[in-house]
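The following exercises are to be worked through with the sequence and the structure at hand.

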Amino acid sequence: LNKHFHTILTHTRSVSTPTTPTTPTPAVDRNLPVPGSPSIANERVVMATQAMNLLGTLLSFSSIVLQNIKDTKSSSNARLCLIVLTCIVEEQHTASFLHDPNMTFRIDIHRADLLHRRINKDKQLYNLPLACSLLELLVEFIVSHLSKHFHVDLYRKCLGVIHRILCYQKRRKVRLEYCWKELWNALISLLRFLVSSGEQLLPQTNVFVPANDVIRLFNLFITYGDTFLPSPTAYDELYYELIRVRQLFDGLYQLALKHCSTGQPHSEEANKLTLALFNIRSIATHFVPKIDSFTETNRMTLTPNQVLEVIRSNYDTLTLKLQDGLDQHEKYTEKPKETTFFTQLVRGVTNEVRQSLYVSNLQQMTVLTELSGVP
């Protein structure tokens, strides 16, 4: 990244002239009113009177690219977007801008039309730091591509961006006002998919690698969440969610245990996963008996608030293991991991340019000759 990267990406401009709404056909269904309706005209006017910047535009564009993964070319575009986002969150000044509570924007995040959920047409992002929009973008990617054609590399890059965001917040003690439950539920959905489809995916995909990435995020929340979650209640809700889906983590543990034997193809990652699950399983083992005891004593079904109260009153006797390296990540480098990808990407762009050129004079022929020398 050159020295102008942060300045250009975070440049903000104010648009004060209302624009005439247009009605283009979106690439994917968006969490926006139907084009042409009265409400969208009002929204376009609101957007036109707010500050805009290149980073916000990039997030909106990336949300379109990450929803349109149908072939090799679109997968390469999605991968490129995630690499760019990785570089952005690693750059300290840009990460600070993402979390700046005084720099807020409204960003349209495009969403897939999934059968198992209803899109909230009224959900809007007003006056929020860009980090919230980025997390929303990543959450949307996680929940919308859980299929038998599992893009493990894209998921790993997505989880890597989330991990870098959390590391920055932990290091700078930034308490971002974000609905963290949405992220936790997305990660739980990913784990549920890996457990249910793990045996079918394992011959082609090492599912224990992305599973380890997810568990690392949860362990980061458990160990350091009190330093960057917005409130103690949010930390309590984290424990509530982990206890609520304890059977899922037991299933993940059993899947990893089944492949831990020496000599099996993915034994190293599977064994690593069983160790990483220690704290999460300890939380369930510690709190579930106390919740059951409280239920029997009071002869009632506990409400979520009552469960949270039981959790708050029993932290003192909980024993967890400190895990090393949770807040550390490998700095992105193009070589050697991404060299092949960028080589193929440049070749693809070059081939497209060659095919699109119409040679009508000697000058264009010279350009074509020069392009033919590009590897």
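Predicted model: local features only at pLDDT ≥ 70, side-chain atom pairs only at ≥ 80, totals over all residues.

**Exercise 1.** Determine how many helices and strands the protein has, and what share of its residues is buried.

*Solution.* Begin with the secondary structure: the protein has 16 helices and 4 strands. Next, consider burial: of the 375 residues, 46% are buried.

**Exercise 2.** State which residues have the most contacts inside the largest nonpolar core, and describe the surroundings of Leu-134.

*Solution.* The largest nonpolar core comprises 94 residues. Within this core, the most contacts belong to Leu-134, Trp-180, Leu-191 and Phe-218. Now examine Leu-134, setting aside neighbours within four places in sequence: Leu-134 touches Leu-59, Leu-85, Val-89, Leu-98, Val-161 and Ile-165.

**Exercise 3.** Classify the arrangement of helices α9 and α11, and identify the residues that form their contact.

*Solution.* First locate the helices: α9 covers residues 208–228 and α11 covers residues 246–258. Their axes come within 12 Å and cross at roughly 140 degrees. Angles over 145 degrees would count as roughly antiparallel; α9 and α11 are therefore oblique to each other. The crossing of α9 and α11 is left-handed. On the α9 side, the contact is formed by Phe-208, Ala-211, Ile-215 and Phe-218. On the α11 side, Phe-249, Leu-252, Leu-255 and Ala-256 take part. Phe-218 of α9 was also listed in Exercise 2 among the residues with the most contacts inside the largest nonpolar core.

Definitions and conventions:
Residues numbered from 1 in each chain as written. Heavy atoms only, no water. Core = buried A, V, L, I, M, F, W, Y, C linked by side-chain atoms within 4.5 Å. Buried < 20%, exposed > 50% of the residue type's maximum accessible area, 1.4 Å probe, protein only. Contact = heavy atoms within 4.5 Å. Helix = DSSP H or I, 4+ residues; strand = E, 2+ residues; numbered from the N terminus. Axes fitted to C-alpha atoms, helices over the stretch in contact; angles between N-to-C directions. Parallel < 35°, antiparallel > 145°, perpendicular 65-115°, else oblique. Left-handed = near helix turned anticlockwise from the far one by under 90°.
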